[in-house]
Amino acid sequence: MKLGVSSCLLGTMCRYDGGHSKDKFVLNELGKYFDFEPFCPEKLVFATPREAIRQVKINDEIFIKTTNSNQDVTILLSEISKLLVSKIDENSLCGFVFKSKSPTCGMQRVKIYSDKKNAQSENTGMGVFANELKKRFPYLPMEEEGRLTDPWLRENFLMQVFAYKAIFEFLNTKPTYNDLIEFHTSYKYLIYSKSHHFYKKLGNVVANHDNKTFFAVLEEYKKIFLEAISQKGTIKNTYNVLLHIYGYFKKVISKDEKDEILATIEEFKKGIIPLIAAIKIIKIYIKKFNIEYLQTQVFLTPYPKEFALRSKIEAFK
């Protein structure tokens, strides 16, 4: 699996001051599971070290200028950003980690300066390269290294990354209609944990009540699936999924066992215990009763367990 990453986060000394912004989580944790493809639009345009650049608002239009010589490099960086994006295939990357606050790579809250004296700067900008990539691939999983310190955002990002890769791998197998049903079935509860609306939409696509061609069904399914996995999961939706799963074996267990499982699910909902505690107890009963339908659910293990993201209580909001 391959992630696009801002070069400086990998330790490449390409910042304006000749330094880097090496990120331990990207290198030490994501590096165990992903190959990295580095990107740095600025490095392709300027030498290192160099003048810093910043976004400047002039008459409600955003320009990128060098800080000392005030040189306008907007067109130059825009063109190189478009060129880089044009060389990326839809399924060549399964996600992207950007350098936060960068005038080229920041996803949000990039500082925009005013050309007027004494005017306040705004933290409302988006990097020119990040913006081009977002326009070209609106559902490609993207995050900033700074935001990935938040367990909830990290959990959602990695869940989306692995699902993004899975849909393209599935489509590349030249699937049959039965293959689509099997794939969709395995992702039902993961989709439900993100959005009941998209859960229903994808179900209708697979049902194909309008008798569309299989090619049309696959194209529609891909589009809606990518949109669905871009949604952020919530405690409420996840709680509902856990109750649905519990429903598969509630009639064949004792009252004490029911009480224990329901108490565990409620404690997750209240933020007393992490999600992994509820899933662990549910997996025991799935294995005990050999419930094949539930054993295939990606929701239960959406990414390698070594990330341990569901071990943190604050990983869900």
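In this predicted model, four strands form an open sheet in the order β2-β1-β5-β8, and their pairing is parallel. The edges of the sheet are held by β2, residues 35-39, and β8, residues 142-144, each of which pairs on one side only. On average, neighbouring strands of this sheet are turned by 25° against each other, with direction ignored.

Strands of a sheet pair through backbone hydrogen bonds, in either a parallel or an antiparallel sense. Strand β1, residues 2-6, runs parallel to β5, residues 96-98, and 2 bridges join these strands. Here valine 5 stands opposite valine 97 of β5. Helix α5, comprising residues 151-171, packs on the sheet and touches β1, β5 and β8. The direction of α5 makes about 150° with that of β8.

The pairing of β1 with β2 is also in the parallel sense and extends over 5 bridges. In this pair, leucine 3 has phenylalanine 36 of β2 as its bridge partner. Between these strands the chain passes from β1 through helix α1, residues 24-29, to β2, and this β-α-β crossover is right-handed.

Attention now turns to the backbone geometry of individual residues. Most residues other than glycine have a negative phi, and most peptide bonds are trans. The bond between threonine 48 and proline 49 is a cis peptide bond, with omega at about 0°. Proline 49 is placed in the loop that lies between α2, residues 41-45, and β3, residues 53-58.

For asparagine 211, phi is near 55°, a positive value in a residue other than glycine. Asparagine 211 is located in the loop between α7, residues 196-207, and α8, residues 214-229. The relative accessibility of asparagine 211 is 68%, and the residue therefore counts as exposed, the cut-off being over 50%.

Asparagine 290 likewise has a positive phi, near 50°, and is a residue other than glycine. The loop that contains asparagine 290 lies between α11, residues 275-288, and α12, residues 292-295. Because its relative accessibility is 55%, asparagine 290 counts as exposed.

Notes: Residues numbered from 1 in each chain as written. Predicted model: local features only at pLDDT ≥ 70, side-chain atom pairs only at ≥ 80, totals over all residues. Heavy atoms only, no water. Pairing = 2+ DSSP bridges. Helix = DSSP H or I, 4+ residues; strand = E, 2+ residues; numbered from the N terminus. Axes fitted to C-alpha atoms, helices over the stretch in contact; angles between N-to-C directions. Contact = heavy atoms within 4.5 Å. Right-handed = clockwise from strand over helix to strand, strands pointing away. Buried < 20%, exposed > 50% of the residue type's maximum accessible area, 1.4 Å probe, protein only.
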